[in-house]
Amino acid sequence: MLTAETPIEKLPKVIPALAKRLHHLGIKTVRDLLFHFPARYDDFTNVKSIGDLTIGEIATISGRIKKISSTRAWRRRMSITEAIVEDDLDSIRVIWFNQPYLVKTLPVGSRVSLAGKLTTSKRGEYFANPAYEKIGMSDGLRHTGGWVPIYPETTGLTSRWIRFLMREVAPVIKKIPDPLPSALLKKSTLLPLERALSKIHFPESKDEYEEARKRFAFEDILLIQLRVLMSKKQLEEKKAPPIPLGLEEIKKFIASLPFSLTDGQRRAAWDIMRDTAKSVPMNRLLEGDVGSGKTVVAALTSFNAIRSGYQVAYLAPTEILAIQHFNTLRHWLSPFGVYVGLLTAAHKKFISDYGERDRVSIRSMTEAGEIPMLIGTQAVIQDGVKFKNLGLVIVDEQHRFGVAQRAKLLRQKQTGNSQEDYSPSLIPHFLSMTATPIPRTLALTIYGDLDVSILNQVPQGRKPIVTKIVPEEKRSACYQFIRDEVHRGRQVFVICPRIELNEEMGNGKWEMGNVLREEVKAVKTEYEKLSKQIFPDLKVAMLHGKMKSKEKENVMRDFKEGKSDVLISTSVIEVGVDVPNATIMLIDGAEKFGLAQIHQFRGRVGRASHQSYCFLMTGSRAAAESQRLKALVTAKNGFELAEKDLAIRGPGDFLGTRQSGIPPFAYKSFNDLELVQSSRDAAREIIEKDPKLERHVALQKNLVKFEETVHFE
Ligand code: ADP
Ligand code: MG
């Protein structure tokens with residue numbers, strides 16, 4: 001008797017070799033197979049008689065094999081199987097490539113159903129490489145004559161095979177209990193599991209499979225929501241230290257800045273400080289386009305926390321950025337007697353009245369509460385640095401999943417002087433900052449109930465960045481433009497072509513080290529070329545992730561101080577780097593980067609009043625014409641860009657969270673605000689009545705499984 005838990009190798013016909021391939025797709029049991037959903041469907045619903053076929057039309061025909069034979073075309077190293085198929089009135093030539101066994105599978109006289117396209121050549125019309133099956137062999141058609149599912153495949157395991165197996169296990173569908181309560185199904189007009197499973201694999205119409213998809217997307221989003229709500233509930237039981245608002249001192253601090261704040265900056269800082277004054281832990285996202293001035297908002301709120309005797313942790317995504325923040329904040333805060341520590345894999349620095357103290361233990365000073373503000377790379381700080389009195393955590397440019405990430409940070413204990421001083425339930429306030437505009441649906445789903453502040457204006461006097469797509473033939477003109485701009489005193493970033501990430505690398509299976517090595521190779525070649533051939537008259541510098549920290553720091557500092565003109569870099573400068581005198585961002589091989597990433601690169605220029613330019617260089621004509629790159633030219637800011645990208649590709653790619661493991665249906669449904677809202681409401685309702693899911697056992701089980709595959713952090 002087949003059940004959902006039956007191991008896949010117990011199925012008749014699943015020989016060990018096949019089992020191995022199924023395992024490769026993550027399919028170990030009958031249940032796994034049933035939850036292996038089609039990626040798409042072939043529309044073979046157009047059923048025609050042979051005589052009615054028109055050229056170019058995709059159709060399903062049926063008839064009898066009148067002749068069939070196979071020849072090897074040696075020169076082209078392929079085999080060609082040619083058949084004549086006839087129905088009552090007409091006949092048609094059919095050609096298959098590289099399937100010589102069809103002569104045996106479809107012998108003369110067999111009745112077949114074929115689905116494909118009618119094509120024409122010098123030798124007349126023929127049906128090219130159609131999907132085929134014999135009629136009368138089984139319960140109806142599987143591979144032709146309807147909506148035919150195309151599954152994620154692997155070498156040696158085709159959709160045809162999967163469709164075959166799916167029929168074998170179909171009777172198990174009705175034995176799988178539905179994790180969604182029936183009242184919920186009714187209320188949200190969702191298909192019950194049994195129907196949804198059978199419609200996703202054996203749909204009779206487009207509506208049917210779309211309804212099935214909707215049900216599974218709903219369920220996935222519901223699981224994400226449940227997880228987010230549960231984490232949130234745990235957080236809500238905690239308290240944060242209320243940080244009083246020191247208005248007078250804040251005014252002094254603002255007055256000391258080299259510029260006046262924008263209204264948006266004031267508003268955001270105010271939102272944040274009002275939140276941190278409460279004993280409810282703040283969970284806020286500060287969203288502001290590149291260059292909108294988020295750092296100063298962070299500085300302001302940090303200052304207020306430090307003034308009240310709390311420590312602040314400031315986490316940056318890269319070492320370069322950590323150093324930059326360290327320098328900026330040090331500059332702003334030291335006049336007020338606030339000294340900042342820097343901690344990365346390579347740096348341990350604390351600069352105070354007593355001069356630079358390099359070799360002291362930043363960790364122990366932080367633990368003793370002697371460092372009011374610690375800036376560093378995320379990994380390093382998260383990795384067990386203890387604080388005496390942590391009041392605020394700021395995370396810069398990390399499009400991670402807010403709630404879970406925070407939960408992880410908060411797992412870190414505070415030391416305190418004694419056990420009584422700090423109840424373990426006291427946790428810091430949390431501020432996350434990003435230039436990535438997060439689609440509302442995604443914010444709702446993944447970030448849970450994050451509060452959001454938006455900086456929707458850039459500081460006064462900035463000119464919009466001119467963005468141009470530059471085809472290969474304009475390369476030298478572009479270089480000349482760069483030279484002129486440098487002669488005018490400006491500086492230039494060149495982002496180097498990155499090697500193409502193939503699927504496997506994209507999945508994170510590839511050693512990151514290899515990618516880095518290739519990038520370094522590319523940047524070195526480019527450096528040679530630009531410094532020796534193109535710009536021998538200019539000062540060209542190079543930056544990549546494999547350089548020693550000290551080197552990187554020197555290169556960055558020299559560039560910031562105007563000692564070099566052109567900086568060739570890998571994507572290490574993607575985020576946050578601030579060199580206001582730089583006015584050109586040239587991205588070579590632009591088609592290889594994601595839109596959000598290019599937008600970040602572009603944000604490295606236009607950070608002062610000079611006119612700035614972003615050149616998207618591409619050798620590919622298709623890329624130059626593509627919607628994607630054009631979206632960068634027309635979209636004036638990240639929000640517009642996000643909208644466009646959402647329309648082109650869906651939100652997952654924009655965020656680069658393809659690696660997150662979020663199921664594809666859920667992904668696609670992030671476009672569907674209504675669906676997200678309703679699954680969110682459902683999750684709320686469930687958690688309210690049954691906070692530990694004790695009465696939703698199947699759902700709880702799925703949640704556990706889901707957590708194993710989806711990486712929330
Ligand atoms: P981002 O939001 O991308 O992190 P930054 O905080 O790095 O932006 O700020 C970008 C640049 O704008 C910095 O050089 C910063 O000093 C400057 N800046 C920030 N706020 C203002 C302002 N209100 N007026 C003028 N310049 C500002
Ligand atoms: Mg920034």
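Which side chain does the side chain of His143 join through a polar contact of 2.7 Å? The partner is Arg163; a polar contact here is a pair of N or O atoms within 3.5 Å, where within protein one must be able to donate a hydrogen and the other to accept it, and residues adjacent in sequence count only if both atoms are side-chain atoms.

Before going on, note that this is a predicted model, in which local features need pLDDT of at least 70, side-chain atom pairs count only at pLDDT 80 or more, and totals for chains, interfaces and linings use all residues. Residues are numbered from 1 along each chain as its sequence is written, chains are lettered from A and ligands numbered from 1 in the order in which they are written, and side-chain values use heavy atoms, with hydrogens and water left out.

Let's stay with His143 for a moment. His143 counts as buried because its relative accessibility is 6%, buried meaning under 20% relative accessible area, exposed over 50% and partly exposed in between (1.4 Å probe, protein chains only). Beyond its neighbours within four places in sequence, the residues in contact with His143 include Phe44, Tyr132 and Arg160, contact meaning heavy atoms within 4.5 Å.

Cys496 is buried at 3% relative accessible area, and Cys614 is buried at 1%.

Now turn to ligand 1. A polar side-chain atom of Gln265 sits 2.9 Å from one of the ligand's nitrogen atoms. On the backbone side, an N or O atom of Gly293 lies 3.0 Å from an oxygen atom of ligand 1, while a polar backbone atom of Ser292 is 3.5 Å from an oxygen atom of ligand 1.
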